[in-house]
Amino acid sequence: LPAPTISSIEPNAGAFDMEVTIIGTNFSTNVNDNTIKFNGVEGEVLSATENQLTVKVPRGASSGPVSITINEGTLVGPQFKYYDIYMSGSVANEFNQYTPRFWKNGIESALSAIVNYSGYAGAVQVVGDDIYISGQFQSHASPEVDVIGYWKNGDFHTVMTSDPGLYIRTSDMIVIASDVYQSGVHGNEPFENNGGGFPYSARYWKNDNMIKPDPKEFYTVEV
C-alpha cells in the first residue's frame, strides 16, 4: 500500500479536546486503521477519508510532532503547538465551606489549605516550571479573619493576615522575575462598625509588603 503523507494540520496549535484536521494522502477510510499521536500521545480519530482526518487533541499531550501509523508503518509529520489550560476556583461542602482547587487540562488538583478557613483560588500564572495562583482564606469563626497570599506549586505562602473583623481581598497577580505582585483591597475598620458595609481602599502587595497607591496616580478616562 502507498505510504501516507501529511501536508498540513489545521489549526496547528490548540488545547485538549480541540478538533483538528489533518490533510494528506493515502489515509485509511476506516477510522480505526489510522493511529494519530501528538508527540507520542494518541488522539481520537473522529472521521477519515483518503485525504483528510478529523482528530481530537488528547489530554496530556505536549508540543511536538504529529505522527500517523497505518499498517504498522509510521510517518512523522508537522509540529503541533500544545497549550495547557489552567483554571482555579473552590469546591463547596455541605456546610457551605470552601476548599481551594485548580485544574490543569481538566484534571483537578488540591491546593494546601488552612484548617477552619474557607479558601478561594484566583488568578493563575505559569512561570517556567512553576505555577503561581493568587488566593485568600476566610476564617469560619466570628469575627472573621482574612488571609491573603498565593500558592506556588500547590503550597500556600501567606502575604498578609487581617486583624479580626477587617476585610482584605486579593484579585489579580503578576510574577516578574522573583517578585510577586498582587492587587486587592484592604479594610479600614471592622465590618460591624460601618452598619454592615465594607469600607476599604485599593492596595497592592509586592511580595509580603502592602503598598498604598498614590491617589494622584489614578485618573478617570471617558471613552
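Ser28 is buried, with a relative accessible area of 15%; buried means under 20% relative accessible area, exposed over 50%, and partly exposed in between, using a 1.4 Å probe and protein chains only. The model is predicted, so local features need pLDDT of at least 70 and side-chain atom pairs count only at pLDDT 80 or more, while totals for chains, interfaces and linings use all residues. Residues are numbered from 1 along each chain as its sequence is written, and side-chain values use heavy atoms, with hydrogens and water left out.

**Ser28 and its surroundings**

- Ser28 sits in the loop between β3 (19-25) and β4 (35-38); strands (E, at least two residues) and helices (H or I, at least four) are DSSP runs, numbered from the N terminus.
- The side chain of Ser28 reaches the backbone nitrogen of Asn30 at 3.1 Å.
- Beyond its neighbours within four places in sequence, Ser28 is in contact (heavy atoms within 4.5 Å) with Asp33, Asn34, Ala48, Thr49, Leu53 and Ile70.

**Strand β8 and its partners**

- In strand β8 (residues 64-70), 5 of the 7 residues are buried, and the strand is mostly covered.
- β8 pairs with β4 in the antiparallel sense over 4 bridges; two strands pair if DSSP finds at least two bridges between them.
- Phe38 has Val66 in β8 as its bridge partner.
- β8 is also joined to the antiparallel strand β9 (residues 73-82), by 6 bridges.
- Gly64 stands opposite Phe80 in β9.
- The hairpin of β8 and β9 has 2 residues between the strands, and Asn71 takes a positive phi near 55° there.

**The sheet containing β14**

- An open sheet of 4 strands has the order β13-β14-β15-β16, with antiparallel pairing.
- Its edge strands are β13 (117-127) and β16 (155-161), each of which pairs on one side only.
- On average, neighbouring strands of this sheet are turned by 25° against each other, direction ignored; axes are lines fitted to C-alpha atoms, for helices over the stretch in contact, and angles run from 0 to 180 degrees between N-to-C directions.
- β14 and strand β15 (residues 146-152) run antiparallel and are joined by 7 bridges.
- Tyr132 has Lys152 in β15 as its bridge partner.

**Ile133 in β14**

- Ile133 lies in strand β14 (residues 130-139) and is buried, with a relative accessible area of 1%.
- Ile133 and Ser88 are 45 residues apart along the chain, and their C-alpha atoms are separated by 7.8 Å.
- Leaving aside neighbours within four places in sequence, the contacts of Ile133 include Ser88, Phe102, Leu111, Tyr150, Trp151 and Met173.

Terms used:
Polar contact = N/O pair within 3.5 Å; in protein donor to acceptor, adjacent residues only side chain to side chain.
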